[in-house]
Amino acid sequence: MEAPINIQFMKFFKSRLLLVVGLLFSSFFALAQEQMTLADYQQAADYAYSNLWNKKVFNVSTAVHEFEDHSGIWFVNYTEAGKEYKTVSFKDSEVKPLFDQSKLAEALSEILNTDQAADQLSVSKIEKTNDGLSFEFENTRFTWDGTSLEKNKEKTPRNSRDWRNQMESTSPDKKWIAFTRDHNLFIRDAETDEEIQLTTDGQKGYDYASSIGWFDIIEGEGTERPKHFGVQWSPDSKYLVTQVVDTRNAEKMYLLDYSIDSLYKPKLLSYYRGSPGDTTMVTYKPVFFDVESQKQLAIDLPKKVHVNGIWLKFQDKEPHKMIASYRSRGYKEQFLKVVDLDEETVQPLYEEATQTSIDNFNYREIEGWDDLVVLSEREGWKQLYLVNKNSGKITSLTNGEFVVNDIVHIDEKDKVIYYTASGVDAAMNPYHQKLYRVSLKGKIKELTPENANHEITFFEDADYFVDAISKVDQPTKTVLRSKKNGKITATLTTANTAQIEAEGWQMPEVFTLTGKDDKTPIYGAFWKPVNFDSSKKYPVIDATYTGPHTQRFPRTFSQALSNQAMANLGFIVVAIDGLGTAGRSKAFRDVSYMNMGDNLRDHVNAINYLGKKYAYVDAERVGIFGHSAGGFDAAHAVLAFPDFYKVAVASSGDHDFRMEKAWWPEMYMGYPVDERYEEVSNITMAPNLKGKLLLVHGGIDDNVNPSATFKLAEALIKANKQFDMLIIPSQRHGYTGKYNTYFQKKRWNYFIENLLDKQTLWDFNLD
């Protein structure tokens, strides 16, 4: 009988011994695990924008303002000593002090009975007067002649009347006033007040002269949506044009607001927003009226969903004709059509079609010109065209394997177009843009020759423009240039990074490699900690956003510090543009069409490339973070590439495109919705999770509804996967104030704990 007792005792003793050893080992490990210090956090916090901009780095970005009389400009030069208000006259291009700051500070101190430091003055809305200058200071308008300061009697109004809330519209000839009542459209005689009802079929949910605001929130159950009113009059007041908005069959998205302190039940919020493939959406239908006969015209333009509507604009030379611009659902076809109100006809002017989707299309009508200026990717690269308004003939103004980014200005008189373009010089980084001028005969002049990126501030009524010349690894130089030949006539400011360079800061490094197609160069940049030690090995964090409508490569020096704070915690932070994003050819972007689930493959290849090239890059410890479409990326990374990405923070992510707003996925994932939406969904892939995942979302996000984050959480639970989650009840798509600070601290610590394997602190200050 004793032997079994001894055996049981020995088993009990052995189990307790293992437990004690385990506890001792875990305690030893905890003691051995490196602890973050307040100094570590402070080194990162010191490199937040709010602690750097014009405090430790200066003139990275300079706001330049033109005087209303077009005689010159003013700007602020920031130095370690403070602010210097400067001006340049277009007559001589000489940089001079705008005013005597000491005298003005003294005058302000006297009139306001407060001490004002000359080098810290914050004045705005500066304009010339007959005797000197007028400006705004602390919401009050002052005039200053260099000696005496006068305070305006009236306070500067904070807000002007919001035109969107105006519920009436007066005709150009002042004879008629358009308005709505009981969902129908009326006009009223401005002299007699006689009312004429133009429509009779309006009803609740079928509203004339209305619209749906993108962020129109409906509070509670059974309440009305915010009111809107909008019409267009022909220049001679003969015709009235508007639309009828049909919400009768439209479904809404919903939110619950738990953040109101005085309420102990959540407030129900809703808004109209269709999802990909929905048939239950708000629709718009253009309608046209002859004011004199008080009849609706028989003009048939298609009824469109509100996320992909029709834009109507009266032509300048022909006041009874309009141009209608719209795309088919799915964005495969673009139409420009001429609407003749006299003839009640619709005639084609311009059409464009593709097998994928049309993005980046734009047109402008210029007063007095026979041609429209069109910006299109119709031939594979975004270029400028002229489209004759009478014949529809298309003429190329620019042509080549480069991208016209934007129309900066069209000079109606001289008949030239100023535009920015990237990749014209094949030897340059394809994301760096320059300014060009082209005549209507196709003669092109380069105005910014330097091998760098050029951010342009254009003054329509002056002979000069401002050019901020920089790269992510080249500090900004802001200059004044001649429109005629691009000659630099004055240097306004130069970025100063001496303070942080003395602390060990190094500019981000640009790199390039071949993309996943084995032929196309892709670009990225990476940031090192300010106390970088090449003998150490640093984990990598991918700062991602692969939305096909934008690009991630940091082309300007203003982005040189964007990821520095996180890098200072002990990481290499990378920003990469793989195949499938914008800013290059249409073919480059179309790689992601119906295939956004593979957008991160180039990121994986790039990080492995850096790991092989640099001994200090640890490609075995990789994390990722992103917001919105980047939030999809971040969660997708640990689900689609679970053996590569170990840690992810996904904030405000659209984790299933079927639950997103319709326009974005229908343009880039295709329409109608098919099995590809299912295949790339993070929710579908939830069982793949191996690493650490933090999901974050604002509780009342009315841009990317939090429902997909909740649905992903549900799928992860069903798959028995560990994950972390933070819902910020009061926040919408972007987090603000103390809520953003809380999120940033949470994100930092998540990577510190799971990539650096260090113990974290919470009571540190990000300000």
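**Reading a predicted fold: a dialogue**

Guide: Among contacts in this protein between residues at least 6 apart in sequence, 57% join residues at least 24 apart. Please keep in mind that the model is predicted.

Visitor: How many helices and strands does the protein have?

Guide: There are 13 helices and 45 strands. The radius of gyration is 30 Å, close to the 27 Å that the globule rule gives for 767 residues, so the protein is as compact as a globular protein of that length. Its C-alpha trace spans about 115 × 65 × 60 Å along the principal axes.

Visitor: What share of the residues counts as buried, and what is the accessible surface of the protein?

Guide: Of the 767 residues, 53% count as buried. The accessible surface comes to about 36,200 Å², and carbon and sulfur atoms account for 48% of that area.

Visitor: Over how many bridges do β23 and β24 pair?

Guide: Strand β23 (residues 321-327) pairs with strand β24 (residues 333-340) over seven bridges, in the antiparallel sense. Ile323, for instance, has Val338 in β24 as its bridge partner.

Visitor: Let us turn to single residues. Is Ile410 buried or exposed?

Guide: A residue is called buried when its relative accessible area is under 20%. Ile410 has a value of 8%, and is therefore buried. This residue is found in strand β30 (residues 403-411). Leaving aside neighbours within four places in sequence, Ile410 is in contact with Arg364, Ile366, Trp369, Val373, Val416 and Ile417.

Visitor: Where does Ser275 lie, and which residues does Ser275 touch?

Guide: Ser275 lies in the loop between β18 (267-272) and β19 (283-290). Not counting residues up to four places away in sequence, Ser275 touches Met253, Met281, Arg329, Arg658, Met659, Glu660, Ala662 and Glu666.

Visitor: What lies 3.3 Å from a polar atom of the side chain of Ser275?

Guide: That atom is the backbone oxygen of Glu660.

Note on methods:
Residues are numbered from 1 along each chain as its sequence is written. This is a predicted model: local features need pLDDT of at least 70, side-chain atom pairs count only at pLDDT 80 or more; totals for chains, interfaces and linings use all residues. Side-chain values use heavy atoms; hydrogens and water are left out. Helices (H or I, at least four residues) and strands (E, at least two) are DSSP runs, numbered from the N terminus. A polar contact is a pair of N or O atoms within 3.5 Å; within protein, one must be able to donate a hydrogen and the other to accept it, and residues adjacent in sequence count only if both atoms are side-chain atoms. Contact means heavy atoms within 4.5 Å. Buried means under 20% relative accessible area, exposed over 50%, partly exposed in between (1.4 Å probe, protein chains only). Two strands pair if DSSP finds at least two bridges between them. The radius of gyration is taken over C-alpha atoms; the globule rule is 2.2 Å times the number of residues to the power 0.38. Accessible areas come from the Shrake-Rupley method with a 1.4 Å probe; for residues, only the protein chains shown count as cover.
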